[in-house]
Amino acid sequence: MNAFEELSPDALRAGRADALDDDVATTLAAHPLDGIETEYPHYRGTVDGPEAPPRPAEDHPVFYGCFDWHSAVHSHWALVRALRLVPDHPDEAEIAAGIDERLTPGNVAREVDYLDENPGFEEPYGWSWLLRLAAELALWDDPRADAWRETLRPLEERVRRGTRESFLGIDRAHRVGTHGNTAFALAGVLDYARVVGDADLEPETEATARRLYADDTAAVVGAEPVGWDFLSPALTEADLMRRVLDPDPFEAWLDGFLPDLTEPPHDALLAPVDVEPDEGDGAAMHLIGLNVSRAWCLAGLADGLDGLDGPAATRLREPLEAAARRHAEAGAADVLTDDYAGSHWLSSFALYLLTRNEDGIAPGAC
């Protein structure tokens with residue numbers, strides 16, 4: 001058993017950095033530190049011609065590790081967030097040296113060139129994580145963070161521009177439990193905009209969310225989860241809308257969206273997914289991530305109802321609270337697997353859950 005597994009469901013649900021003692025911090029940093037330097041195996045996500053493709057580090061000299069680009073990005077987010085939240089982090093020197101080595105103006109310029117050459121690459125999931133990384137650097141009051149963000153800024157601006165020009169104009173929401181989920185990406189974009197004070201991007205993102213989701217009722221949850229899901233389409237959408245709507249309108253919206261949370265079929269969202277991880281089973285690893293992401297969504301929804309005394313808040317708050325703790329406990333039991341199918345990304349999800357109330361995640365949320 002590792003230090004993270006020993007955390008109580010209450011500590012996980014609270015989402016506060018005081019649970020990040022040195023043992024937990026070291027545990028959560030171990031896989032990202034290893035993964036960001038691990039170039040192979042690597043998933044490219046592109047169609048290659050007859051010529052041998054370049055090495056991942058040639059196309060992506062900053063974010064070449066962790067099996068794929070988005071996992072490398074959010075592993076960097078996890079390491080930077082850990083440095084911000086854990087003064088004198090046990091791995092501070094190693095983390096900082098690695099970022100200094102990769103995050104150079106020339107390397108960032110190559111990342112920008114690749115996006116220019118492949119405009120849809122990692123849209124929207126990887127883009128939202130890149131903006132989260134930039135937001136984390138903006139939150140951290142440290143000269144290193146200032147320097148790293150300045151170096152990253154051309155890629156941040158490229159992703160920000162692409163988000164406004166392409167992603168925010170999407171015609172319909174992608175209600176899936178994997179990387180294409182529109183609501184998860186919008187939440188990341190909105191969190192970034194609020195952290196950095198982007199007066200254009202914030203209202204544009206809110207408008208997109210309202211256009212796509214404000215009229216939704218009676219979420220279809222009977223098919224959740226599909227085999228490779230690591231997000232709940234229904235809960236992720238609700239977690240976005242708690243960021244967008246004021247408290248009373250959010251309560252009314254949630255009442256219509258999950259009208260029978262304690263009855264079939266909606267009550268299926270309250271029970272963690274059973275997972276029997278087998279070595280190399282990527283689908284099982286995704287389901288572990290699903291329990292973790294469900295936990296942070298359920299806890300966030302309960303927070304969104306805090307202080308309200310309407311019938312929906314009265315009816316939903318207790319089931320949401322209990323389900324958040326059950327999911328956190330289930331996720332913590334498996335999330336820090338040594339199987340690379342999960343280890344290259346799951347630590348970031350664990351840190352998101354554990355620190356979700358430490359700025360940067362749903363800032364200014366209802």
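This section describes the overall fold of the protein chain and then a set of individual loop residues.

The structure is a predicted model, in which local features need pLDDT of at least 70 and side-chain atom pairs count only at pLDDT 80 or more, whereas totals for chains, interfaces and linings use all residues. Residues are numbered from 1 along each chain as its sequence is written, and side-chain values use heavy atoms, with hydrogens and water left out.

The protein chain contains 16 helices and zero strands (DSSP runs, H or I of at least four residues for helices and E of at least two for strands, numbered from the N terminus). Its radius of gyration is 19 Å, close to the 21 Å that the globule rule gives for 366 residues, so the chain is as compact as a globular protein of that length (radius taken over C-alpha atoms; rule, 2.2 Å times the number of residues to the power 0.38). The C-alpha trace spans about 55 × 45 × 45 Å along its principal axes. Of the 366 residues, 59% count as buried (under 20% relative accessible area, with exposed over 50% and partly exposed in between; 1.4 Å probe, protein chains only). Among contacts with a separation of 6 or more, 77% involve residues 24 or more positions apart (contact, heavy atoms within 4.5 Å).

The loop between helix H2 (22-35) and helix H3 (56-59) holds Glu-39, which counts as buried at 12% relative accessibility. The side chain of Glu-39 reaches the backbone nitrogen of Ala-57 at 2.9 Å (polar contact, a pair of N or O atoms within 3.5 Å; within protein, one must be able to donate a hydrogen and the other to accept it, and residues adjacent in sequence count only if both atoms are side-chain atoms). Beyond its neighbours within four places in sequence, Glu-39 contacts Arg-55, Pro-56, Ala-57 and Tyr-64. Pro-41 lies in the loop between H2 and H3 and is joined to Tyr-40 by a cis peptide bond with omega of about 0 degrees.

A cis peptide bond also joins Glu-224 and Pro-225, with omega of about -5 degrees; Pro-225 is found in the loop between helix H10 (201-213) and helix H11 (233-244). Pro-225 is among the residues touched by Val-273, together with Leu-287, Leu-290, Asn-291 and Arg-294, when residues up to four places away in sequence are not counted. Val-273 is located between helix H12 (247-257) and helix H13 (282-304), in the loop, and is buried, with a relative accessible area of 16%.
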